[in-house]
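The following exercises are to be worked through with the structure in view. Each task is followed by a solution in steps.

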Amino acid sequence: MTRSDIDGAALDYAAGGGLLNRRMLLASAAAGTAAGLLQPRVARAEAEIPEWSKTAGARARGYGMPAAAESAVQRAIIEPWQDVAPAFSLSGTPHHRLRGTITPNGLHYEVHHGGRPDIDPARHHLMIHGLVERPLQFGLEALERYPMVTAAHFLECAGNSLFNAVMPEPMQAGCDMLHGLVSNTEWTGVPMAVLMEEAGVKPEGKWVVAAGADGPSLARSIPMEKIMSDGMLALYQNGERIRPEQGYPMRLLLPGWEGNMNIKWLTSLWVTEAPVHTKDESGEYTEILADGSSLQFTFAMGVKSFITHPSATMTMSGPGVYEISGLAWSGAGKVAKVEVSADGGESWAEAALAGPVLPQALTRFSQAWHWDGSPLVLMSRATDETGAVQPARADWKARYHASNFLHYNAIQPWQVTAEGAVHNVYL
Amino acid sequence: MSIFKLTAAALLLGTAAAHAEGPGLGQPLDAAEIPFYATYVKPDGTGLPAGSGTAAQGSEIYAAKCAACHGATGSEGPVMPPVGPNDVWPKPAGSYWPYATTLFDYIRRAMPLEAPKSLSDDEAYALAAFILERNGVIDAETAMTAETLPQVQMPNHGNFTDVWAKQGAKPW
């Protein structure tokens, strides 16, 4: 919604660049002073009755699909080595085309190290073995009878926002490419503690090596503490069975921890006394620091946010009043606050958070804004309940080796030009 | 402890007990039913099978089955070349990883990408030997076996900070 002929001087500003106090905006709308909204429209000679209002509609169908006009809302495909290793493929959630916080199942991001396997659920089993009293296996039918819990949680690839992390010049692309490797789902499944307690973990069992049934049998070492506190064997994704690209028929869910550890197509939980240093925790998911040493076992994702509306590749529809909207999250718990700036960080206004604000889940924030048509830079800065704040890109870069693209959580600036174009910039 | 805290503790215990009450439908799992990829070779060599392979043997297998993705000599890539480090990949398997045992396990379970689990144990040892030799970590004569592989000292071994041990789940 824009109101191009609004009297900017009469508005109540919360910060520079036109950020508005919400109270002011609502009062203005309620009073009917919003120029443009109540103006009489040009009368039609005859009211148009669209053809769909003059015929019977389509019949009910077994599985609904998005409207045909929305067919362009797709994940962005990233295939770093499409010629020689096409199975190593990723896709990013198009956050600039979505609202709310729950990611539709067909748009959840993917990162496949060896492609998406085609699993026969009748032949898939979960094994629990190693340092347990009773090595056990569970089929899908048996798991259906276990007590289940439901919780909304984000999943974020440790490599999300990798282009901003390493490209010398900011890549001009949408949120699907720039920040699409994070999604948010209402997961339902069996608490991992129930299954582990049935197997009986021995006192020396401190770690669990989880492995998938995909081609590379992707494996990660996970502390028993995490498995027992809030680990979930997820069977359902937003109410329906987990999609093949999310681990059908079952995946491990470790709220707040890097996506790679949330093993898809989970088939084995091997209880050990120590981590086994799998491929992914040896190189692919370790971070080289500025001094040349490396971090390993960096599990939780840091506090982060970005503005989805407006964002790069979008175009403003003229000066006027807008609602800035975006997403914030933290692997350490709940988002405590999100601040928005419309003057490149000179001043900040505290955005409204859409409740309920859930731990380790995407939180939608919004901020009223009067854009007067001047060029400026929009930014969002999240703080989580532990007090952690998103860093500026330069501060993040200073910590790491130039090549590191993992655990990037820096502030995202969007430059709005006088022409209304929105660009990705580094500040 | 106050009566308030005692009550809270009792409630927590009650919750935990109820939590554990699954229907108990897990079926016994026999050791023979556990495939190799459900475990992982440990840094001390536990889990390594019999077999052996040299860098020379690995060189031939590498040329046939690995070079297309990882490069003619192992350092070109494009896919995460195991020899280096270089500008293509700063974390090569053969010099950056902290333990050589991981090389054998990963090659055996996951490589090549289009036909994982198709290599024999001897071939996986030979490829590990080839990659380590190309990185200058072992000499050309030493065959990799269940005895020799865990003894390989990786050059980057002592260069990691364990974030979980240092600060738990707190993000870095």
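Two strands are said to pair if DSSP finds at least two bridges between them. The model used here is a predicted one.

**Exercise 1. Identify the residue that stands opposite Val208(A), and describe how β10(A) and β11(A) pair.**

Step 1. The strands β10(A) and β11(A) pair in the antiparallel sense, over 5 bridges.

Step 2. Within this pairing, the residue opposite Val208(A) is Ile222(A), which belongs to β11(A).

**Exercise 2. Determine the strand order of the open sheet of 6 strands, and name its edge strands.**

Step 1. The order of the sheet is β11(A)-β10(A)-β15(A)-β6(A)-β7(A)-β1(B), and the pairing is mixed.

**Exercise 3. Describe the side of chain A that touches chain B.**

Step 1. Count the residues: 55 residues of chain A are in contact with 44 residues of chain B.

Step 2. Find the contributing elements. Those of chain A that each supply at least two residues include β6 (125–130), β7 (136–139), β10 (207–212) and α7 (279–284). The element that gives the most is α5(A), with 5 residues.

Step 3. Sort the residues on this side of chain A by class: 31 are nonpolar, 20 polar and 4 charged.

**Exercise 4. Show where the buried residues of helix α2 of chain B lie around the helix, and what they pack against.**

Step 1. A residue counts as buried if 20 or more other C-beta atoms lie within 10 Å of its own. In helix α2 (residues 55–65) of chain B, the buried residues are Ala55(B), Gly58(B), Ile61(B) and Tyr62(B).

Step 2. Seen down the axis of α2(B), these residues fall within an arc of 115°, so they line one face of the helix. An α-helix has 3.6 residues a turn, so residues three or four places apart point the same way.

Step 3. On the other side of α2(B), Glu60(B) and Ala64(B) are exposed.

Step 4. The buried residues of α2(B) pack against β2 (52–53), α3 (67–70) and α5 (121–134) of chain B.

**Exercise 5. Name the residues that touch the most other members of the largest nonpolar core, and state what contributes to this core.**

Step 1. This core has 148 residues, of which Ala210(A) and Ala128(B) touch the most other members.

Step 2. The helix α5(B) gives the most to the core, with 9 residues. Domain 1 and domain 2 of chain A each provide at least three residues.

Step 3. Leaving aside neighbours within four places in sequence, Ala210(A) is in contact with several residues, among them Ala219(A), Ile222(A), Leu252(A) and Leu266(A).

Terms used. Residues numbered from 1 in each chain as written. Chains lettered and ligands numbered in written order. Predicted model: local features only at pLDDT ≥ 70, side-chain atom pairs only at ≥ 80, totals over all residues. Buried ≥ 20, exposed ≤ 12 C-beta atoms within 10 Å, placed from the backbone. Helix = DSSP H or I, 4+ residues; strand = E, 2+ residues; numbered from the N terminus. Arc of directions from axis to C-beta. Contact = placed C-beta atoms within 7 Å. Core = buried A, V, L, I, M, F, W, Y, C linked by C-beta atoms within 7 Å. Domains from an automatic or database assignment. Nonpolar A, V, L, I, M, F, W, Y, C, P; charged D, E, K, R; others polar.
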